[in-house]
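Subject: Structure handover

Hello,

The structure we discussed is below. Please have it open while you read my notes.

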Amino acid sequence: MGRKQRDSRKEFFETVEVRPRAILIGVQTRGQERPEVEEHLDEMAQLATTDGMDVVGRVIQGRARPDPATFLGSGKVEEVMVLAEEQKADWLLFDDELTPGQQRNLEKQAKVKVMDRTGLILDIFAMRARTREARTQVELAQHEYMLPRLTGLWTHFTRQKGGTRTRGGEGESQLEIDRRIVKARIAALKRELGRIGRQAETRLRGHDGFFRVALVGYTNAGKSSLLNALTRAGVIAEDKLFATLDATTRRWSLATGRDALLTDTVGFIRKLPHQLVASFRSTLAEAAEADLLLHVVDLSHPAWAEHMAETRSVLTEIGAGDRPEIVVFNKVDRPEAQTRLEQAQEDEPGCVPVSAASGEGLKDLRAVVEAQVAGPPREGVVHLAAQDRGRLSEIYRRVRVVKVEDDPDGGLQVTVHGPPGELVALGVAVSPLDEAPEAFQAAAYREHLPDSDIPGSSAP
Ligand SMILES: Nc1nc2c(ncn2[C@@H]2O[C@H](COP(=O)(O)OP(=O)(O)OP(=O)(O)O)[C@@H](O)[C@H]2O)c(=O)[nH]1
Ligand SMILES: [Mg+2]
C-alpha cells in the first residue's frame with residue numbers, strides 16, 4: 001500500500017504519513033455466537049493495523065450464505081456505503097475470502113477499494129519479507145492469488161513492458177497477455193524457489209546429528225521471545241502479526257551433554273492463505289522435519305483453544321502432524337492467563353506453562369525437552385556404508401547394540417537401543433513418542449540445572 005502521500009500545502013517541504021482508513025466487514029453465520037465474530041474482527045483489526053491502516057468502522061452481517069454477486073445483501077451494501085462516506089474510508093476489508101467477481105462488483109458499487117483477508121495477509125507478508133527466500137515465496141503467493149483476479153485492467157503490467165495500452169475490442173486479448181505474463185512469472189518464481197530449496201536442504205543436512213526442536217504456533221504467541229529467552233538469540237519480537245517470516249536457528253545447550261538446535265518459525269493464523277502455505281513449504285520444512293515441536297500458545301488470548309486447533313491443522317497440512325509435540329502455554333505472567341491455567345492444564349496434559357517475559361517456567365521447559373532427548377530409550381537401525389564400518393566402535397560407546405548384520409553392499413545394519421537424542425545423533429529417524437512427557441519427568445531433570453543458566457529463573 002502506498003503509505004506516503006503528498007499533502008498539497010506542504011508539497012515542497014515534506015511528505016506526511018497518511019494512514020489509509022478501513023472498515024472491517026464480517027459475517028455471522030448460523031450457529032456462530034456474536035463474541036466469536038467480534039473476536040475474529042478484532043484479529044482483522046490487528047492485521048489492518050499491522051498493515052499500516054486505521055480502523056474506522058465495523059459491520060457484521062447475519063446471513064446463512066453470502067450473496068454470489070456482492071457477498072453482502074443489497075441492504076448491507078447500502079449501509080456500508082453510507083458508513084464509508086461518513087468515515088471517509090479508503091478500504092473495505094472483508095474477513096472472508098471474496099471471489100474475484102464479488103470484489104469487482106463491490107468496488108464498483110461502493111466506490112472504495114476492497115480487499116479480503118487473504119489479500120491483506122499477503123500484503124503484510126510482502127511488507128515483512130526480508131530475505132531472498134521469503135521475498136520469492138511471497139511474490140509467488142501473490143501471483144497465484146492475482147491470476148484468477150486479472151481483469152484486463154491490470155495496467156502496470158503493460159507499462160512495465162513499455163507498451164501502450166489498447167482498450168475496447170482488444171480488451172480480451174490484453175487479458176490474455178496479462179495472464180501469460182503472470183503465468184510466466186509464476187514459473188520463474190517456482191524455478192527460483194526450487195534452487196533456494198536445494199540450498200535449504202543442504203543447510204538442513206548440516207543439522208544432522210543434532211536433536212532438532214522447532215517453535216511453532218499462532219502468530220504473536222511469543223515464539224521469537226522464547227527463542228531469545230532460551231538462547232539469547234536477539235531475534236526481533238514484536239506485538240505485531242507475522243513479525244517473523246524466516247526460520248532462525250540457534251544452538252541450545254542442554255544438561256544432557258547433547259545440544260539441541262532450536263528453530264523459530266513463521267507464525268500461523270486462522271484461514272492462512274493456501275497460496276502462502278504452499279510457497280512457504282521450504283521454510284516450514286524446519287518444522288515438518290523437527291524431532292520435537294514446541295507448540296507455543298498465548299494463554300492470555302481469549303481464543304487460545306481455537307489458535308491451537310488452527311495451528312494443528314496447518315501442521316497437518318505441511319506434513320508435520322505426526323511430529324512429537326509439547327504444548328507450551330506462554331504469557332502466564334498475565335492475569336488473563338492465570339485465570340485459564342487450571343482448565344488449560346486439564347485439557348492439555350503434559351503442557352508446560354511459561355512466561356518468556358518473566359522467565360517463569362523456562363527451567364521446566366528445558367527439563368521436559370531434556371527428558372525427551374534423553375529418554376525413554378527406543379530401538380532403531382543405523383545404516384553404515386562400507387567405508388564407515390569403522391564407526392561401529394563409536395556406536396558401541398554411545399548406545400546398546402542389539403545386533404549387527406552385514407548388508408549386501410558391504411556395509412552394516414546396526415540395530416541399537418538408546419535415548420532418542422542419541423539415536424538422532426546417529427542418524428536414526430526417531431518415531432513420535434506415544435505419550436506426552438509428564439510433569440514428573442520435568443521435576444526429575446530440574447535438579448541437574450544450574451539456576452544461573454536461564455534469565456529470570458532464579459526469581460522466587
Ligand atoms: N506479557 C508477556 N508478553 C509476551 C510474552 N512473550 C511474548 N510476549 C509479547 O508478545 C508479543 C509477540 O511476541 P513474539 O515473540 O514476537 O511472537 P511470535 O510468536 O514470534 O510472533 P510472529 O513472529 O508474529 O509469529 C511481543 O510483544 C512480546 O513482547 C510473555 O511471556 N508475557
Ligand atoms: Mg516471531
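Start at the ligand. A polar side-chain atom of T219 sits 2.9 Å from an oxygen atom of ligand 1. That is a polar contact (a pair of N or O atoms within 3.5 Å; within protein, one must be able to donate a hydrogen and the other to accept it, and residues adjacent in sequence count only if both atoms are side-chain atoms).

Before going on, some ground rules. This is a predicted model, in which local features need pLDDT of at least 70 and side-chain atom pairs count only at pLDDT 80 or more, while totals for chains, interfaces and linings use all residues. Residues are numbered from 1 along each chain as its sequence is written, chains are lettered from A and ligands numbered from 1 in the order in which they are written, and side-chain values use heavy atoms, with hydrogens and water left out.

Back to ligand 1. A backbone N or O atom of A221 lies 3.2 Å from an oxygen atom of the ligand. The side chain of S224 places an N or O atom 2.9 Å from a ligand oxygen. Taken alone, ligand 1 exposes 650 Å², and the protein buries 89% of that. Areas come from the Shrake-Rupley method with a 1.4 Å probe; for residues, only the protein chains shown count as cover. In total, 23 residues surround ligand 1 (a heavy atom within 4 Å). The closest are K223, S225, A243, T244 and D333.

Now the whole chain. It has 16 helices and 15 strands. These are DSSP runs, numbered from the N terminus: helices are H or I with at least four residues, strands are E with at least two. Of the 460 residues, 50% count as buried. Buried means under 20% relative accessible area (1.4 Å probe, protein chains only). The accessible surface is about 22,400 Å², and 49% of it belongs to carbon and sulfur atoms. Take contacts (heavy atoms within 4.5 Å) with a separation of 6 or more: 69% of them join residues 24 or more positions apart.

Next, the cores. A nonpolar core is a set of buried Ala, Val, Leu, Ile, Met, Phe, Trp, Tyr and Cys residues joined through side-chain atoms within 4.5 Å. The largest has 45 residues. L47, M53, L93, F125, F242 and I269 have the most contacts inside it. Helix α1 (residues 34–50) supplies the largest share, six residues. A second, separate core has 26 residues, including A221, I326, V354 and V373. Leaving aside neighbours within four places in sequence, I269 contacts E43, L47, R117, I121, Y218, T219, L241, F242 and E310.

H40 lies in α1 and is buried, at 7% relative accessibility. Its side chain makes a polar contact with that of E306, at 3.3 Å. Residues up to four places away aside, H40 touches Q32, D95, R270 and E306.

Two backbone points. Most residues other than glycine have a negative phi. F71 has a positive phi of about 65°. F71 is in the loop between β4 (54–62) and α2 (74–86), and is buried at 4%. K331 has a positive phi near 65°. K331 lies in the loop between β11 (325–330) and α12 (335–347), and is buried at 15%.

Best wishes
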